[in-house]
Amino acid sequence: MGTLTGALPLPAIAGGHQKSRVDYQNTQEGILVRRAQAGDEAAFRDIVERYQSKVFSIIHGIVRQRNDVEDIAQQVFAKVYFSIKNFDFRSSLITWIYKITVNECFDYLRKKKVRKLVYESDLSEDEVRRVENTEPAGERQPLADANLARRDYVLKLLTRVSEEERMLLMLKEVEGYSVEELAARTGMNENTIKVKLFRARQKLVKAAQRLDRAPGLVAG
Amino acid sequence: MHQVIVESLEDYIGGALAPAEQRDFEAHLEICAECRREVDGMLETSSLFDSLRAPEELSAPPGFYARIVAEVSKGQAPTFWSLFSLDAAFGRRVVFASLLTMAVLGSFLISRETGYSAGPTSSETVMAEHDSTNRDTMLVTLTSYYEP
């Protein structure tokens, strides 16, 4: 598993103590961000080059449509460009970019779902059946691929929690952050992280119950 | 859910509890059916997340940065309507100043209006408004008076 912890330095942690916002602004990454905030194009390019692989991996993990990964990544970095002035150094840069990326992926999935519904509503039942039969085998039988079914299921559950909860769950579960690392990267204290994650998990369980489908049924 | 579970849940799910803490955690689950049921549900949903890990590392294709620049330029290109748009804070100030000006002007006009009589003037009023010592002026005014 390629975790952020393994791939990137931890700007907010030094010797186990949490650094302040001012300290982070004076790190190499903080200086890079401040240059980008001042309109330095070279600094923005540095940020893109530093995090593009990570962003591609996050998107690929969620969306799985290789053709769309680059489009979404472009949108992510365009948003980073336009919003970098609002970055307040409360969290680390990658945590901020991670949140933008996850939100962009969910936005993409939501739009894709709407487009599919609109498209299907324009077709007759016979036409829908014909289109389904001409789709590639992988998409024709999504449940045959247990991993794809589990992915769709967890994505559906994640739409029932807030953006912040979704980001914390993803950072903890997918990226493998510890509570201590999450606290350092988000600027929240450890107890707050624990309580937020606990509530998020409760919501996931309730959402699973509401979907009337025990998670065990879709697990591998 | 009991505090001992909330406190240690993340480390328990991540397999990072010290042996003694793990024993305490599991001992509580043995005696508390409600916590056991909830933790089971959380462990099941937790196990679903590995499906969100990218199956392979993807690297950005050549020319990716150039395409971002193009995307950013597209977002920056001024449209016809954007020429009329204002910065939000500045716009709020303009709206506030306009409202304040309207309020001051309105109250000024209302105070001026009270100086005039509301209805049409009668001939008696015209006579009362004139200096009674100047008979010629009053006669001229009365001959030119038009009854509305």
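In this predicted model, the side chains of A:Lys194 and B:Glu7 form a salt bridge, with an N to O distance of 3.5 Å. Between chain A and chain B the count is six salt bridges. Residue pairs in polar contact across the two chains number 15, with both partners at pLDDT 80 or more.

On the side of chain A that touches chain B, the elements giving two or more residues are α4 (41-63), α5 (66-83), α9 (146-158), α10 (163-173), α12 (190-210) and α13 (215-218) of chain A. The largest share, eleven residues, comes from α4(A). By class, this side of chain A divides into 26 nonpolar, eleven polar and eleven charged residues.

The extent of the interface can be stated in two ways. In terms of residues, 48 of chain A are in contact with 35 of chain B. In terms of area, about 4000 Å² is buried between chain A and chain B, and carbon and sulfur atoms give 65% of that area.

Over all chains, the count comes to 19 salt bridges. One of these lies within chain A, where the side chains of A:Glu104 and A:Lys79 meet at 2.8 Å, N to O. A:Glu104 belongs to helix α6 (residues 93-121) of chain A and A:Lys79 to helix α5 of chain A, so the pair ties together parts that are 25 residues apart in sequence. The two salt bridges named in this report are listed below.

| Residue pair | N to O distance |
|---|---|
| A:Lys194 and B:Glu7 | 3.5 Å |
| A:Glu104 and A:Lys79 | 2.8 Å |

Within chain B, helix α1 (residues 3-13) packs against helix α3 (residues 33-47) at an angle of about 35°, and their axes are 12 Å apart. The crossing of α1(B) and α3(B) is right-handed. From α1(B), the contact draws on B:Ile5, B:Leu9, B:Tyr12 and B:Ile13, while α3(B) supplies B:Cys35, B:Val39, B:Met42, B:Leu43 and B:Ser46. Classed by residue type, the contact of α1(B) with α3(B) has eight nonpolar residues, one polar residue and no charged residues.

Backbone geometry in chain A also deserves mention. Most residues other than glycine have a negative phi. A:Arg64, although not a glycine, has a positive phi of about 65°, and this residue lies in the loop between α4 and α5 of chain A. A:Phe89, also not a glycine, has a positive phi of about 65°. The place of A:Phe89 is in the loop between α5 and α6 of chain A.

Note on methods: Residues numbered from 1 in each chain as written. Chains lettered and ligands numbered in written order. Predicted model: local features only at pLDDT ≥ 70, side-chain atom pairs only at ≥ 80, totals over all residues. Heavy atoms only, no water. Contact = heavy atoms within 4.5 Å. Buried area = accessible area lost by both parts, 1.4 Å probe. Salt bridge = Lys/Arg side-chain N within 4 Å of Asp/Glu carboxyl O. Polar contact = N/O pair within 3.5 Å; in protein donor to acceptor, adjacent residues only side chain to side chain. Helix = DSSP H or I, 4+ residues; strand = E, 2+ residues; numbered from the N terminus. Nonpolar A, V, L, I, M, F, W, Y, C, P; charged D, E, K, R; others polar. Axes fitted to C-alpha atoms, helices over the stretch in contact; angles between N-to-C directions. Left-handed = near helix turned anticlockwise from the far one by under 90°.
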